[in-house]
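Hi everyone, thanks for coming. I'll walk you through one structure today, so please have a look at it first.

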Amino acid sequence: MTNHSKNLPKTDVLSGIQPTGNLHLGNLFGAITNWVDLQNRYKCAFCVVDYHALTTVPDAQELKANTESIVIDLLACGIDPNRSILFVQSDVPEHLELYWIFASLTRYGELARMTQFKEKGGNRETVGLGVLNYPVLQAADILLYGASKVPVGEDQLQHLELTREILRRFNKTHGFLFEEVQALTTKVPRILDLKNPSAKMSKSHPEGAVFIDDEEGIVRKKVKKAVTDTGDDQQEMSPSIENLMGLLHACNQDQYNLMLDAYNSQNLRYGDLKVSLGNELCEYLKPIRESKNEWLQKKEEVREILFEGAKKASSIARPRVEIARKLVGLG
Ligand code: AMP
Ligand code: TRP
């Protein structure tokens, strides 16, 4: 079978984040730290997915402000526009072109099965079509760049499985254009809500989430109020303690080792763990907050970065979408 992807420009890595509010520790340790790390080894593109956010942010001013703010957050966390392509999804309309081609290959049942769709009200008559089709656009985001590595948190694995299904179906039906994709997760792929360890940390429950913008007092307070267990069952670490330990591991491995030794010898006091984690998180977030304040003073430069990012992204996306169009019989 002819390989139509041969010689097309590509990136190795692509990932995306919605502009729906400030970054929290789930985003940071579940995905962004991996993005920053991968920049050293691969050609990467990172995309602020504002079309995706339209499904949940109906206010124009808010969406615009969120988009600018998340770009600044990413820069502050260490995404380097000299090494990676940083761009806004809606600046590259090819995403929508490929989305529609993919939507035509995707089955309703496949989308209705998605956990995120169900969580966002999939059983209601009034649920938006955008919420249903969300993973199809995500598949287009990834495959448009020929990326084979997708660093995401655990909640996105199901969407990546569907991406694989879509690309295989496309290749089989129309000819080989899309390479296989693989998810890359961090050591802590699912950060739990501090107040409710049966749910993942998310922007929609700010009491249980630590945001990179939270003042130090707030960070410590949120950690202090985190749910733990009664300490009775020492057979296995409970999800709440595992979560706190995972966060500590992500910030400072030495402190983690100390606490783990204490845990293993049944001497860990949860109060001590919380104090240690509060301190380490504040240390970890400090340079990010400082860098964010600097970027906030350089908004013109940020606009320039996005302009250049969109240009580079388009130059990769266009040739692949042209071939996809030809293969399905358009134009
Ligand atoms: P979102 O903010 O939903 O666009 O997510 C951006 C990235 O952060 C995705 O790769 C998610 O999988 C990841 N992410 C979001 N929340 C969490 C969490 N609680 N734990 C781990 N990763 C997360
Ligand atoms: N669906 C992802 C989320 O909710 C965001 C996203 C959109 C994405 N397009 C992507 C992630 C492409 C990885 C690759 O977090």
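For a disulfide, the two cysteine sulfur atoms have to be within 2.5 Å. The count of disulfides in this structure is 0. Cys 44 is in none, with the sulfur of Cys 47 as its nearest cysteine sulfur, 13 Å off.

Before I go on, some housekeeping: this is a predicted model, where local features need pLDDT of at least 70 and side-chain atom pairs count only at pLDDT 80 or more, while totals for chains, interfaces and linings use all residues. Residues are numbered from 1 along each chain as its sequence is written, chains are lettered from A and ligands numbered from 1 in the order in which they are written, and side-chain values use heavy atoms, leaving out hydrogens and water.

Back to the cysteines. Are they buried or exposed? Cys 44 is buried, at a relative accessible area of 1%, and Cys 47 is buried too, with 1%. When I say buried I mean under 20% relative accessible area; exposed is over 50%, and partly exposed is in between, using a 1.4 Å probe and protein chains only.

Now the ligands. Which residues are closest to ligand 1? There are 17 residues around ligand 1, and the closest are Gly 153, Asp 155, Ile 191, Met 201 and Lys 203. A residue gets onto that list if one of its heavy atoms lies within 4 Å of the molecule.

Next, polar contacts: pairs of N or O atoms within 3.5 Å, where, within protein, one must be able to donate a hydrogen and the other to accept it, and residues adjacent in sequence count only if both atoms are side-chain atoms. With Lys 203, a side-chain N or O atom is 2.9 Å from an oxygen atom of ligand 1. Gln 18 uses a polar backbone atom, 3.0 Å from an oxygen atom of ligand 1. Gly 26 also brings in a polar backbone atom, this time 3.2 Å from a nitrogen atom of the ligand. On its own, ligand 1 has 490 Å² of accessible area, and the protein covers 92% of it. Those areas come from the Shrake-Rupley method with a 1.4 Å probe; for residues, only the protein chains shown count as cover.

Which helix gives the largest share of the shell around ligand 1? That's helix α1, residues 25–38, with 4 residues. Helices here are DSSP runs of H or I with at least four residues, strands are runs of E with at least two, and both are numbered from the N terminus.

On to ligand 2. It has 13 residues around it, the closest being Gln 18, Tyr 134, Gln 138, Asp 141 and Gln 156. Gln 138 has a polar side-chain atom 2.8 Å from a nitrogen atom of ligand 2. Gln 156 places a side-chain N or O atom 3.0 Å from a nitrogen atom of ligand 2. Alone, ligand 2 exposes 370 Å², and the protein buries 91% of that. The largest share comes from α7, with 4 residues.

While we're in α7, look at Asn 133, which is placed in that helix. Asn 133 is buried at 15% relative accessible area, and its side chain makes a polar contact of 3.0 Å with the side chain of Tyr 99.

Last stop: backbone angles. Most residues other than glycine have a negative phi. Asn 7, in the segment before β1, has a positive phi near 70°. Gln 266 isn't a glycine either, yet its phi is positive at about 60°. You'll find Gln 266 in the loop between α11 (253–264) and α12 (270–296). Where do they stand on accessibility, buried or exposed? Asn 7 is exposed at 77%, and Gln 266 is exposed at 56%.
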